Amino acid sequence: MEGKARNAPTLFFSFACIFLSLSTATTTLSTSLQFQTLTLNPLPNRPTISWADTEPEIQTSMDPTASEASSSATTFLSVQLHHIDALSSDKSSQDLFNSRLARDAARVKSLISLAATAGGTNLTRARGPGFSSSVVSGLAQGSGEYFTRLGVGTPVKYVYMVLDTGSDIVWIQCAPCKKCYSQTDPVFDPTKSSSFANIPCVSPMCRRLDSPGCSTKKQICLYQVSYGDGSFTVGEFSTETLTFRGTRVGRVMLGCGHDNEGLFVGAAGLLGLGRGGLSFPSQTGRLFNRKFYYCLVDRSASSKPSSMVFGDSAISRTAQFTPMLSNPKVETFYYVELLGISVGGTRVSGISPSLFKLDSTGNGGVIIDSGTSVTRLTRPAYVALRDAFRAGASNLKQGPEFSLFDTCFDLSGKTEVKVPTVVLHFRGADVSLPASNYLIPVDNSGSFCFAFAGTMSGLSIIGNIQQQGFRVVYDLAASRVGFAPRGCA
């Protein structure tokens, strides 16, 4: 799966992402602090979906299990990706934001629980028929924030799939359902697809599951994934063809779930983008050279779609790269090394690299996550950052706390303000955040809050609000993560 393709095709996902629009321009107001201008905009409304299932068929078929010599020529394609709010019922912008924070809290709790489990804490694993134990994801089932529309099977049936860097297994709800949650499209019926194939219990592909099951009657491989919120998916581990706007990727290993209990906000399943061996990037490593990027655009900031690219062209010449770190206890997540943070051009003295260290037992560390919204820092680091920002923003009128945010400002009646700059210092990469990535609206009355939060866990998480506007490059082949500012143009 890790061989280098002769001509690695490039796979695009275009998408419109959620959140506010806030433009920035860096200035210096004094010799001691650096500031930038924040243009104030309200909370965005619910995004709309405009997707046609009638797409021009491109005669390109790729098999991720094929040899390097048979890899296809470079292929470009564009697929919209939306924020999960677009599948929600008609809600106000305030309700959508509150729901986002609730999902965010559940996801962070699950991530921390999984990291603690990897570090040696006991976790009870659910069991099902044919299983000695289940794979425990640790993530809330509906916690992915972005989704796309892709085709499954032959003939193609189009469905919504959540994309998530915090998950590995690719799976979809399948008929007949023992129990399925409600989804927007009809449930996929594998018996009507000529490209669907069960995986035998004795197959090496079955053994790639952490805890495979086997149907003694049919001798076919079974999978079971339990999630941190108590939901789960159980079914046959199979191969199937996925179609991205006419380009067909064959023999993708995926779970065909007949018993799926939990809420998934209308999507039919999940396309895992994690670092583990069964994720979509890992499975298609020969095709795309184990490289991809995404760029998340604020809906209010730009009418251009966001994008996701697989292949060699994902590597940006303007990106600064930091090495990926490996946690042998949790292979899914993308760990990086955060050395410090600057506010107003000055390093925060209370933040040292030791606060973010990933130790030999798998505890601590910093991960990049597309499904977490608000960046969480281990408590001592957050308190030091918060205090430094409060001191630098003393010219702003303080407001009441809101939800998880303890540093908020009343900016009602203003159209723009000056705020101290914030820079994340990774090893080899200094990431200077736009003001819109750390001071965000929490209502439509002029209340803005500092979009970081503390956690009592040793695990810190860089969330998608702080990633907006950057091309975030995942180069698994070279074990590095890159950040290119203004990368969504």
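**Disulfides, strand pairing and a buried threonine**

Cysteine 174 is buried, with a relative accessible area of 0%, where buried means under 20% relative accessible area, exposed means over 50% and partly exposed lies in between, for a 1.4 Å probe and protein chains only. The model is a predicted one, in which local features need pLDDT of at least 70 and side-chain atom pairs count only at pLDDT 80 or more, while totals for chains, interfaces and linings use all residues. Residues are numbered from 1 along each chain as its sequence is written, and side-chain values use heavy atoms, with hydrogens and water left out.

**Disulfides**

- A search of the whole structure finds 5 disulfides, a disulfide being a pair of cysteine sulfur atoms within 2.5 Å.
- Cysteine 174 is joined in this way to cysteine 256, with the sulfur atoms 2.0 Å apart, and this pair links distant parts of the chain, since cysteine 174 lies in the loop between E9 and strand E10 (197-198) and cysteine 256 in strand E14 (residues 247-261), 82 residues apart; helices (H or I, at least four residues) and strands (E, at least two) are DSSP runs, numbered from the N terminus.
- The torsion about the S-S bond of cysteine 174 and cysteine 256 is about -120 degrees, so this disulfide is left-handed, and cysteine 256 is buried, with a relative accessible area of 0%.
- Cysteine 177 and cysteine 180 form a disulfide with an S to S distance of 2.0 Å, and the torsion about their S-S bond is about -85 degrees, so the link is left-handed.
- Cysteine 177 counts as partly exposed at 35% relative accessibility, and cysteine 180 counts as partly exposed at 23%.
- Cysteine 408 is joined to cysteine 449 by a disulfide (S to S 2.0 Å), which is right-handed, with 100 degrees about the S-S bond.
- That pair links distant parts of the chain, with cysteine 408 in strand E25 (residues 408-410) and cysteine 449 in strand E30 (residues 447-450), 41 residues apart; cysteine 408 is buried at a relative accessible area of 5%, and cysteine 449 is buried at 0%.

**Strand pairing around E12**

- In strand E12 (residues 220-226), 7 of the 7 residues are buried, so the strand is largely enclosed by the rest of the structure.
- Strand E11 (residues 213-215) runs antiparallel to E12 and is joined to it by 3 bridges, where two strands pair if DSSP finds at least two bridges between them.
- E11 and E12 form a hairpin with 4 residues between them, and glutamine 219 in the turn has a positive phi of about 55 degrees; serine 215 stands opposite isoleucine 220 in E12.
- E12 is also joined to strand E13 (residues 232-244) by 5 bridges in the antiparallel sense, and the bridge partner of leucine 222 is glutamate 236 in E13.

**An open sheet**

- An open sheet of 4 strands has the order E21-E20-E27-E28, with antiparallel pairing.
- Strand E21 (346-347) and strand E28 (429-433) stand at its edges with a single partner strand each, so one side of each is left without a neighbour in the sheet.
- Strand E20 (residues 338-343) pairs with strand E27 (residues 422-426) over 5 bridges, and glycine 340 stands opposite histidine 425 in E27.

**Threonine 165**

- Threonine 165 lies in the loop between strand E8 (157-164) and strand E9 (171-173) and is buried, with a relative accessible area of 2%.
- Leaving aside neighbours within four places in sequence, threonine 165 is in contact with residues including Leu273, Tyr294, Asp369 and Tyr474, contact meaning heavy atoms within 4.5 Å.
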